[in-house]
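Student: I'm new to this one. Could you show it to me and walk me through it?

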Amino acid sequence: MNKEKNKQIAEIDDAYFMLQAIKEAYKAKKVKEIPIGAVIVKDKKIIARGFNKCITLSDPTAHAENVALRKAAKKLKNYRLNNCSIYVTIEPCTMCMGALLNARIEKIVFGAFYKKVGVCDEGICKANVCKKLNHKTEVNGGKEEYLSTRCSNIIKSFFKERRIENRKRRGLLSCEIAMGGGEWGSTGTIDVMTAGRS
Ligand SMILES: [Zn+2]
């Protein structure tokens, strides 16, 4: 098989696994978590899936990558995930990158850059820890073959919807106050309206 053919197959595999990570991101969206999803792959098979569960679990470390990492390690009965790759919809943060490197993940593929918290830049890990480790992890992402636009659109639309919901809630709240509603009741009498504005 020639080199070009191998590259094409690798790209198809990458797109397939990223689609599976996107599927996980939608699960997060459904439960109003920030929609980021991840899958861990070994020997071309998905061994673990995860999506953001910080709110659900009241756990600040429950990012999609960590959720998937814990499941994969449990499955393999090994805290080292040798020869495993992770596909995650958004560029990993410092915490997740640290965990992925500690787990000896072989390849990290992310969908879209996340400038605010991401630690990768043009495929190069910026986390200082990378330079100090002997283990080499391949980091790749932000490219169309990794469905980057789809990955970023999920998160963008999530925040947009959340802003609209918040505005609506604020609008409703001021409306309730004006009507003397909310915690003061909803009779709309002058007295209650005055109480609502105080
Ligand atoms: Zn993270």
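**Helices and sheet**

Tutor: Helix α1 (residues 3-30) lies across β1 (37-42), β2, β3 (84-90) and β4, running at about 140° to β1. Helices (H or I, at least four residues) and strands (E, at least two) are DSSP runs numbered from the N terminus. Angles run from 0 to 180 degrees between N-to-C directions, with axes as lines fitted to C-alpha atoms, for helices over the stretch in contact; contact means C-beta atoms, placed from the backbone, within 7 Å. This is a predicted model: local features need pLDDT of at least 70, side-chain atom pairs count only at pLDDT 80 or more, and totals for chains, interfaces and linings use all residues. Residues are numbered from 1 along each chain as its sequence is written.

Student: In what order do the five strands sit in the open sheet?

Tutor: Strands pair if DSSP finds at least two bridges between them, and the pairing here is mixed. The open sheet runs β2-β1-β3-β4-β7.

Student: Why is one side of β2 and of β7 left without a neighbour in the sheet?

Tutor: β2 (45-51) and β7 (138-141) stand at the edges, so each has a single partner strand. For β7, four bridges join it to β4 (residues 107-112), running parallel, and Gly141 in β7 stands opposite Phe110.

Student: Is Leu69 buried or exposed?

Tutor: Leu69 lies in helix α3 (residues 64-76), and touches Ala99 and Ala103, not counting residues up to four places away in sequence. Buried takes 20 or more other C-beta atoms within 10 Å, exposed 12 or fewer, partly exposed in between, with C-beta atoms placed from the backbone. Leu69 has 25, so it's buried.

Definitions and conventions: Contact = placed C-beta atoms within 7 Å.
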